There are 2 protein chains.
Amino acid sequence: MIIPTAYENLLQKVHRLHDLEKISSILSWDRQVSMPKAGNEARAQQAATLRAIIHTEFVSDEMGDLIAAAAEAMAGADYDSTEASLIRRLQQSYTDERKLPADFVTRFTTITGQAEAAWEEARAGDDFAVFAPWLEQIIALAQEKAEYYGYKEEKYDALLDKYEPGLTTTEVRAIFQAAREALVPLRRAIADRGRPVDDSFLYGHFETSKQQEFARYLAGVVGYDMKRGHLGTSVHPFSTSFNQNDVRITARWDPGFINPSLFGTLHEAGHAIYEQNTGPELARTPLARGAWMGFHESQSRLVENIVGRSRGFWQAHFGQLQATFPEQLAGVRADEFFRAVNKVEASLIRVEADELTYNLHIILRFELEQAMINGDLTARNLPAAWNEGIASLLGITPPDDRQGCLQDIHWSAGSFGYFPTYALGNLYAAQLFEAALADSPEIEHELNSGEISQLMDWLHEKVHRHGRKYLPVELMVQATGRPPDHQAFIRYATRKFSDVYDL
Amino acid sequence: MIIPTAYENLLQKVHRLHDLEKISSILSWDRQVSMPKAGNEARAQQAATLRAIIHTEFVSDEMGDLIAAAAEAMAGADYDSTEASLIRRLQQSYTDERKLPADFVTRFTTITGQAEAAWEEARAGDDFAVFAPWLEQIIALAQEKAEYYGYKEEKYDALLDKYEPGLTTTEVRAIFQAAREALVPLRRAIADRGRPVDDSFLYGHFETSKQQEFARYLAGVVGYDMKRGHLGTSVHPFSTSFNQNDVRITARWDPGFINPSLFGTLHEAGHAIYEQNTGPELARTPLARGAWMGFHESQSRLVENIVGRSRGFWQAHFGQLQATFPEQLAGVRADEFFRAVNKVEASLIRVEADELTYNLHIILRFELEQAMINGDLTARNLPAAWNEGIASLLGITPPDDRQGCLQDIHWSAGSFGYFPTYALGNLYAAQLFEAALADSPEIEHELNSGEISQLMDWLHEKVHRHGRKYLPVELMVQATGRPPDHQAFIRYATRKFSDVYDL
């Protein structure tokens, strides 16, 4: 195919903007991993300056003309081609971003930059009052943003659409409701008749340097390529991609509890594997990334839970963990470890929750977010609403805000609408896994030996290489033959927890 | 004073460009400290994209108009005011940068980005051939740059002027010659009649984590504010400032030799202290940095050598070092340690050289650079020329290129003209120190107790706070009453090494 000049011109601009986007991600990585707190004010200014350039260039009339000219020149291109996919993507985001005024974008970046530092301080000192005035500003900004984007039914739709385009608030409510109705009886059965699980050996003293060593081992086992990556440390673990050959993850190292580093690393490695395996032909374009947040989360949850909390995985790798912590794990069998890391119980911290109650944590945030965006809940009243919600959903009360409404970074970053994608990710993961097993039954055998390369090959082929060429629903239909639903997750969870708890 | 609108307009543009400059520095920090090698190609593209934006905006006609309008509006401003100083600085750099075509700037950034990775690979594998083709390109770029800038006497002048404006190649040759003529007899005296120095205890096994712990202690002792900084690890130690409240340093940790981490840390801390103490009113402008390279180096060498290799310093702090490494330094007295870290001998690595022979390392590089820029020496012939030069100056031959022409990062970064400023830094440091003692004789007493706060106060007042408001010669005259020369350094070195070697 001869690429028309109009498309080449667009591509040049797209590369340039993509470079600037990635620079923005580098600033964010550095802020969370290396920057002294004192540097935050200047960093927020730097990030805002860069964001304003990206926004101004992207929403320029020139960009609109470049997209229109390329679209015309490539009108006959195959829907599945990189070129047609890139043009679709750009048309959508150009339309969206034109709706945000430049001064709003600058304010949003500046305030969230400073708010993240305030959140870290509030969290460290368990002092919600430090964060409250920033949250108040951020809620107002999110409401303002929703108005710019516009919405049909409710304000929250406009925000959700940016993380999982094509799904409405109403639809998410329905999916969550169906999942809840199936999971609640399962949870009750576990509580009523499950064989008790001992997880006491997960708590003890685990040296940070050894946790780091084992985290590197784990990341390698699941297929994260460390030669094209980096494992850092941050308050809230995250993964970030600067290009396919530089995809990084962070973890936190709790010296008294082994789970956060194990499953945090597996989780972030799942995200990173996705980014490391997008098609090379997508490089330096907005297609070189996962297909929105639910799909991204499906890859992290698949690695963390479906693979990383499976019986076969720990049959194969527990020996290595035990060799790393021989005293702490003396006398523990692989099978006991498998059961321990799948213990179901009401707990306070989302990122450490089991696969079943995790979804309740998300439902709480989903409801609180809607209330804040609708104006039914103010920043100052968040701790009370949070504690009430967690008590009603899980029957427990946080002893402080650190273990309550200050535990997540998302609101300080202004990411309203993001949380629901975590639970959607759980559902997507199970649906993809079920389809992979149907296509290649030998994957199950391989997983029982702690190997995942065939599963990864299937994911590379069906999901990873496509990057952001397709909408979530399109990608799911291609990969599994049907749109996203909650059923595979229910089947998976029922089978797994019946095994864990001898139901 | 009422600030005219024309000046405010200029300042807004200056802040924006300064933010982008600092973002460029963050990319460089990240590349050297965290980035996996595989990320280098994309990083070079990102850096080039950013550099092109900065260059294009800075050399725009709009910028010229802003500077001209502000200059006119501020015509009556005091020479010493921030406003007049900023306008002077911008006029000079605007004129200079207008001389570089945009495509040249992009090529320069892209090629040096890739060349730095090639240099690291060449250095790690002791394989000069990996670096040679890159060096060849970089020499050609430096020659091209010199032609764009223009020069009166020789091509090298154009490059030197960017690091130490106001000094010509001829003048530097003369200063180095005068210094050499005084230092050679001193070195001969040491070799002929100096009391032998035992430095065997500097070599042994020093755990990296303990070296890092002591480096933090040392950095704090000399006044580097870690709350506004960060200590990282990189192949070639450096310091970098993202703003006054985020000034970072790196070190390398040689497990078999304690000196690199001690004196590397002191050296970079000296640079960082300068940046942390520029006047807050200079923030987000190109005045918020040290007065060119020689002055910057004077601060690092003052902390590293004049303070950090003094008898009083180790009388006060050796106990702490000994407590960190009790086995390795058992039975060593502070006085013996002081003499050991001041041992004068021919050695191969510039950054580990003693204060006397250090200057010979610089003279070699100064001569080789001129030869490469003049076309008398090609990249492929560098190793031979290097080895010949080091043999003639120091009587020793590098066993490999790692300890020869591959030891420094500068040429891979295209920084021709930078090296001479290291030796100038030594001379400036001694001249400033002598003036400080003359103004405040109690500084000497304080130093003998290992304290340096009065010396730092003098430097903050006379040097640091002014940032880049003045040319080096102006700043030196203000601080010491005379232009830079070699005499104070000779007095200082003679006194110190007569003490160390009982001459």
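Is B:S310 buried or exposed? Let's start with that residue and then move on to how the two chains meet, keeping in mind that this is a predicted model.

## A serine between two helices

B:S310 is buried, as its relative accessible area is 17%, and the cut-off for that word is under 20%. In chain B, this serine sits in the loop that links α11 (292–307) with α12 (311–324).

Which residues does B:S310 touch, once those up to four places away in sequence are set aside? The answer is B:N305 and B:F338.

## How the two copies are related

Chain B can be laid over chain A by a rotation of 180 degrees, with 0.0 Å of shift along the axis and an RMSD of 0.0 Å. The two copies are therefore related as by a two-fold rotation axis.

The contact itself fits into this picture. Of the interface residues of chain B, 100% are also interface residues in chain A, so the copies meet through the same surface.

## The surface they share

Chain B brings 31 residues to the contact, and chain A brings 31 residues as well. Between them, the two chains bury about 2600 Å², with 58% of this area on carbon and sulfur atoms.

If you like to look at individual pairs, there are 4 salt bridges between chain B and chain A. One of them joins B:D30 to A:R248, where the closest N and O atoms lie 2.7 Å apart. Polar contacts across the interface of chain B and chain A come to 10 residue pairs, counting those with both residues at pLDDT 80 or more.

## What chain B contributes

Which elements of chain B supply at least two residues each to the side that touches chain A? They are the helices α1 (5–33) and α2 (40–58), together with the strands β1 (229–233), β2 (239–243) and β3 (246–251). The largest share, 9 residues, comes from α1(B).

Sorted by class, the side of chain B that touches chain A holds 12 nonpolar, 10 charged and 9 polar residues.

## A proline in a helix of chain A

For a last stop, turn to A:P133, which belongs to helix α6 (residues 128–149) of chain A. This proline is partly exposed, with a relative accessible area of 34%; that value falls between the cut-offs of 20% for buried and 50% for exposed.

How far apart are the C-alpha atoms of A:P133 and A:A115? The separation is 9.0 Å, for two residues that are 18 residues apart along the chain.

Conventions:
Residues numbered from 1 in each chain as written. Chains lettered and ligands numbered in written order. Predicted model: local features only at pLDDT ≥ 70, side-chain atom pairs only at ≥ 80, totals over all residues. Heavy atoms only, no water. Least-squares fit on C-alpha atoms with pLDDT ≥ 70 in both. Contact = heavy atoms within 4.5 Å. Helix = DSSP H or I, 4+ residues; strand = E, 2+ residues; numbered from the N terminus. Buried < 20%, exposed > 50% of the residue type's maximum accessible area, 1.4 Å probe, protein only. Buried area = accessible area lost by both parts, 1.4 Å probe. Salt bridge = Lys/Arg side-chain N within 4 Å of Asp/Glu carboxyl O. Polar contact = N/O pair within 3.5 Å; in protein donor to acceptor, adjacent residues only side chain to side chain. Nonpolar A, V, L, I, M, F, W, Y, C, P; charged D, E, K, R; others polar.
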